[in-house]
Amino acid sequence: MLLCFSSSHRTAEFDLLERLERHAPAVTAALAEQHGMVAGSVVLATCNRFEAYLDVDAQPLAGAATTARVIETVAAASGIDADLLRSSSAVYSDDAVAEHLFSVSSGLESVVVGEGEIAGQVRRALQAARTSGTVTGNLERVFQVASRTSRGVKNQTGIMTAGRSMVRLALELAESRISDWAAVRVLLVGTGKYAGASLAALRERGVVDVQVFSPTGRAAKFALSHDVVPVESDDLLEVLGAADLVVTCSAVTDHVITRSLLADAIAAPDAAERRLVIDLGLPRNVDPAVSELRGVELLDLETISIHAPVEELNAAAAAREIVGAAAAEFAAQSAEQAITPALVALRTHVFGILDAEIARARSRGDSSEQTEQALRHLAGVLLHTPSVRARELARNGEAQAFVDATSALFGVEVADAPQQLQAPGLRAVDDETAAS
């Protein structure tokens, strides 16, 4: 069955999310080592959520035990107390996993509803899992549908344009502190996709003086492709002192801007009198203690999220309707696929009898090729209506009725009955079937 461990801005403090993000590689490795329980995993770690989507081999009625084991595994790998993690997270199973993922990828669960970055982050999480070999057919299918759903939400509603990304919201909050964007001297810390988005948002406001620093030494390459000025480590103190606005969005796990570094920069003779520091990093790129320094104002993710706007009600409602419909269809298709073992068993039984009768007829010299073809066609026609009816029953949550009827009428037992038929609330879809 599918299971999702989710800790986000809705359930946890940013400090805890920061710790989870910092230990994401360890958590991913720990989950992969849970042989016999976890068949596959996709880990999504962003600036305001940490989620592990799992394909687990849960036995009937064992969902609670599986959930407990997943939380204990995440706790051990991240060094976070299991009780704290339990109280700061949510766990989704079965159909609820798909609906949650579709909502996440469509921007409905973000701090800023409708923000556009999340769809790309979901795709990259899937690609990373493919690279590491932890994707199963179940996970591949639900993530592919999530991607299609987010595109549908983007194309059919106004939520993506109504919603604002974290960096754009941060710059809107900075409007009251900055009178002339064209005169602002900016230091950008980081060279990843978020840095590119941040630079684009700054330029939209008229910023022209941007220098970029990379803790990992990639500033020159980024500067060349984005037409900004690179900053070497030896020049960081001087540039930091002169900057009016510092925007950090690096993936490093240590503070890039420490209190002591910024204090030394401020003490320089030509340093700016006041500066705004926007920290978009998770883990934090900036030591929170810098806000104690004279003339320094810090906007971090936690502060920015407090000012996130109320949902654009009409767009959000339309988006949730699309997500709900996609989740319902996904559940229905999963139910259809789950009935496949019963259909295969019935088909095998009928054609087995047919083959035996044809073999006897051949042994008596009573069979012809035309007669055999006609009999096989007849068997296919007779099986068509039960197959259609089986899928209809499965979509309505009555798959067990078909299994019982098959057993009662034909004496056919389904050896590999799907777990959803054995225990309501648990769903397992065969990987080979799901991949088809």
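Modeller: Happy to, starting with Ile278. Leaving aside neighbours within four places in sequence, Ile278 is in contact with residues including Ala170, Leu171, Leu245, Leu299 and Ile304. This is a predicted model, where local features need pLDDT of at least 70, side-chain atom pairs count only at pLDDT 80 or more, and totals for chains, interfaces and linings use all residues. Residues are numbered from 1 along each chain as its sequence is written, and side-chain values use heavy atoms, without hydrogens and water.

Colleague: What makes Ile278 "in contact" with Ala170?

Modeller: Contact means heavy atoms within 4.5 Å, and Ala170 is among the residues that Ile278 reaches by that rule.

Colleague: Why is Thr46 called buried?

Modeller: Buried means under 20% relative accessible area, exposed over 50%, and partly exposed in between (1.4 Å probe, protein chains only). Thr46 has 6%, so it is buried. Thr46 also touches Glu21, Ile118, Gln121 and Leu282, not counting residues up to four places away in sequence.

Colleague: What about Cys4 and Cys249: buried or exposed?

Modeller: Both are buried: Cys4 has a relative accessible area of 0%, and Cys249 has 9%.

Colleague: How do you know how many disulfides there are?

Modeller: A disulfide is a pair of cysteine sulfur atoms within 2.5 Å. By this rule the count is zero.

Colleague: What makes a set of residues a nonpolar core?

Modeller: Its members are buried Ala, Val, Leu, Ile, Met, Phe, Trp, Tyr and Cys residues joined through side-chain atoms within 4.5 Å. The largest one has 63 residues, and Ile278 is one of those touching the most other members.
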